[in-house]
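Please keep the sequence and the model in view while reading.

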Amino acid sequence: MTTRTATLVGLTAILMWSLLSVMTVATGAIPAFQLAAMTFAIGTAVAFASFLLRPSAFGALKQPLVAWVVGVGGLFGYHALYFLALRFAPPAEAGLLNYLWPLLIVLFSSLLPGERLAVHHIVGALLGLAGTVLLFAGNTGAFTTEQIPGFAAAFVAAFVWASYSVMSRRLKAVPTDAVAGFCLATAVLAALVHMMVETTVWPATPLQWLAVIALGIGPVGAAFFAWDIGMKRGDIRVLGAASYATPLLSTAFLILAGFAKPSANIAIAAILIAGGGLIAAKDMVLRKRT
């Protein structure tokens with residue numbers, strides 16, 4: 001697989017994650033960790049079903065401890081911290097802090113062997129950050145000391161996801177099929193936390209069940225496999241900068257679904273984020289085909 005192809009595969013994860021908000025709204029009032037347990041379990045089931053056609057893929061689950069620590073720590077650690085952030089801090093502000101992770105991926109990529117951080121990568125990431133700040137502008141307000149743990153959790157979550165993504169590159173020898181095992185462990189841990197701190201609420205309508213299944217197949221399933229391919233074989237700097245499109249596309253889908261309203265801020269944010277992504281991806285876009 002070429003770097004360009006792997007990068008394009010990674011970009012599909014960003015597209016799938018942009019559907020996360022609208023699909024989550026469609027699931028109803030299911031508690032966060034219960035929803036995580038259900039959707040990660042569905043994603044695992046789909047992956048294991050594909051393994052039946054490729055029995056050798058089960059061998060990918062046999063990985064060294066460090067791979068499991070990074071994989072499960074990244075998937076479960078990030079989601080646990082993000083859910084904690086949403087519980088204690090306003091969603092808009094928590095989301096803004098959390099969306100430092102694309103910039104962190106771009107910056108952390110310079111620590112990888114053979115990677116070089118150019119000016120246009122940094123400019124693209126900063127434009128994406130500016131667009132994201134603008135996207136959340138108008139939703140911010142005064143905060144209280146009780147919200148500080150939520151803000152801290154969102155900030156740490158950004159570091160966890162960026163670290164997981166970049167460390168995936170260092171664990172390039174670990175096959176992408178191993179992500180199925182990480183998802184299974186995440187589902188089990190989320191279920192345990194759910195049983196300890198939440199009250200079970202099952203989907204009330206067929207549409208809510210469909211939304212849960214769709215989440216498990218896409219944003220909380222295939223997206224992690226696509227992201228793993230992008231991080232291990234694609235242009236990590238381009239993917240980091242392009243990740244700023246997620247909140248923008250997410251807002252666009254919410255508007256189309258009637259859960260949000262269009263505004264001038266969104267239009268300007270779209271220009272900044274799209275421009276930043278194109279600048280960061282300059283090498284890939286302008287690279288001559290051979």
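## Salt bridges

The side chains of D228 and K232 meet in a salt bridge with an N to O distance of 3.1 Å, where a salt bridge is a side-chain nitrogen of Lys or Arg within 4 Å of a carboxyl oxygen of Asp or Glu. D228 and K232 both belong to helix 10 and stand four residues apart, about one turn of the helix. D228 and K232 are both buried, a word that stands for under 20% relative accessible area, with exposed meaning over 50% and partly exposed the range in between (1.4 Å probe, protein chains only).

The structure holds two salt bridges, and in the other the side chains of R54 and D177 meet at 3.0 Å, N to O. This pair links distant parts of the chain, with R54 in the loop between helix 3 and helix 4 and D177 in the loop between helix 8 and helix 9, 123 residues apart. R54 counts as partly exposed, because its relative accessibility is 36%. As a general point, side chains of opposite charge can pair when their charged atoms come close.

## Basis of the model

The model is predicted, so local features need pLDDT of at least 70 and side-chain atom pairs count only at pLDDT 80 or more, while totals for chains, interfaces and linings use all residues. Residues are numbered from 1 along each chain as its sequence is written, and side-chain values use heavy atoms, with hydrogens and water left out.

## Overall fold

The chain has 14 helices and zero strands; helices (H or I, at least four residues) and strands (E, at least two) are DSSP runs, numbered from the N terminus. Of its 290 residues, 49% count as buried. Contact means heavy atoms within 4.5 Å, and among the contacts in the chain with a separation of 6 or more, residues 24 or more positions apart account for 90%.

The chain exposes about 13,500 Å², of which carbon and sulfur atoms supply 74%; accessible areas come from the Shrake-Rupley method with a 1.4 Å probe, and for residues only the protein chains shown count as cover.

## Aromatic pairs

Rings of Phe, Tyr and Trp (its six-membered ring) pair if their centres lie within 6.5 Å, and planes under 30 degrees apart count as stacked, over 60 as edge-to-face and the rest as tilted. By this rule the count comes to 19 aromatic pairs. One of them is the edge-to-face pair of W17 and W161, at 5.8 Å centre to centre with 80° between the planes. Because W17 lies in helix 1 (residues 3-17) and W161 in helix 8 (residues 148-170), the pair ties together parts that are 144 residues apart in sequence. W17 counts as buried at 10% relative accessibility, and W161 is buried with a relative accessible area of 3%.

F51 and F58 also form an edge-to-face pair, at 5.2 Å centre to centre and with 85° between the planes; F51 is buried at 0% relative accessible area, whereas F58 is partly exposed at 35%. Ring pairs link W17, F40, Y78, Y82, W101, W161, Y164, F224 and W227 into a cluster. H79, which lies in helix 4, is in contact with F40 and F224, leaving aside its neighbours within four places in sequence. H79 counts as buried, because its relative accessibility is 15%.

The 19 residues of helix 9 should span 27 Å at 1.5 Å a residue, and its end C-alpha atoms are 27 Å apart, which agrees; the expected span of a helix is 1.5 Å times one less than its number of residues. The buried residues of helix 9 include F182, C183, T186, V193 and H194, and what covers its buried residues includes helix 3, helix 4 (65-88) and helix 10 (206-233). Q34, in helix 3 (residues 32-51), is buried at 3% relative accessibility and is in contact with H194, E198, T199, T200, V201 and W202, leaving aside its neighbours within four places in sequence.

On the surface, L184, V188, L189, L192, M195, M196 and V197 form a nonpolar patch with about 660 Å² of accessible area together. Patches are made of residues with over 30% relative accessible area and no salt bridge, like charges being joined within 9 Å and nonpolar side chains (Val, Leu, Ile, Met, Phe, Trp, Tyr) within 5 Å. V197 has its place in helix 9 (residues 179-197) and is partly exposed, with a relative accessible area of 45%.
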